[in-house]
Amino acid sequence: MAASRAEIVRELFERFYSGGVDNAVELLADDFVLTVPPSMSAEPDDYEGLEGARRYFEAFEGMIEDLRFEVIEIEEQGEVAIAWMRFRGRGVSSGIEVEQYAAVVNLVEDGKVVRMESHPDMETARAVARSW
């Protein structure tokens with residue numbers, strides 16, 4: 001039996017946490033796109049393909065250590081799985097613990113995540129998911 005969209009997304013984040021992008025690439029489509037909108041970052045951007053995913057994670061290097069991605073819950077909506085997440089880590093120079101919550105919309109096709117977009121809350125994420 002094929003894995004559900006929720007199972008694929010949960011495994012993707014577990015692999016990111018345990019081994020970074022290289023540990024998770026087989027769950028990302030070749031044309032993968034990660035969008036970080038202005039509501040989630042002072043420097044919004046689109047990260048395209050596997051190199052884009054690597055670039056996203058490299059941005060944390062030297063800034064946040066012990067970065068953890070924790071899936072709290074996942075709900076499916078058609079071809080989309082929305083993960084309510086907690087991102088935790090510690091500032092490299094300050095030592096201050098940082099924590100951010102996000103609702104991550106994941107478009108899953110043929111067992112791979114094709115598109116991912118972060119939002120500050122589940123309501124916004126659900127609205128975006130309906131438009132995909």
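This is a predicted model: local features need pLDDT of at least 70, side-chain atom pairs count only at pLDDT 80 or more; totals for chains, interfaces and linings use all residues.
Residues are numbered from 1 along each chain as its sequence is written. Local features need pLDDT of at least 70, side-chain atom pairs count only at pLDDT 80 or more, totals for chains, interfaces and linings use all residues, and side-chain values use heavy atoms, without hydrogens and water.

Helix H1 spans residues 5-24 and helix H2 residues 49-58. Helices are DSSP runs (H or I, at least four residues), numbered from the N terminus. The two pack at an angle of about 130 degrees, with axes 10 Å apart. Axes are lines fitted to C-alpha atoms over the stretch in contact, and angles run from 0 to 180 degrees between N-to-C directions. Phe16, Val21 and Asp22 of H1 meet Leu50, Ala53, Arg54 and Phe57 of H2 (contact: heavy atoms within 4.5 Å).

Aromatic rings of Phe, Tyr and Trp (its six-membered ring) pair if their centres lie within 6.5 Å; planes under 30 degrees apart count as stacked, over 60 as edge-to-face and the rest as tilted. The count comes to 10 aromatic pairs. The rings of Phe13 and Phe16 lie 5.9 Å apart between centres with planes at 70 degrees, so this pair is edge-to-face. Phe16 and Phe57 form a tilted pair, at 4.7 Å centre to centre and 45 degrees between the planes. This pair links distant parts of the chain, 41 residues apart. Both Phe16 and Phe57 are buried (under 20% relative accessible area, 1.4 Å probe, protein chains only).

Key:
Buried means under 20% relative accessible area, exposed over 50%, partly exposed in between (1.4 Å probe, protein chains only).
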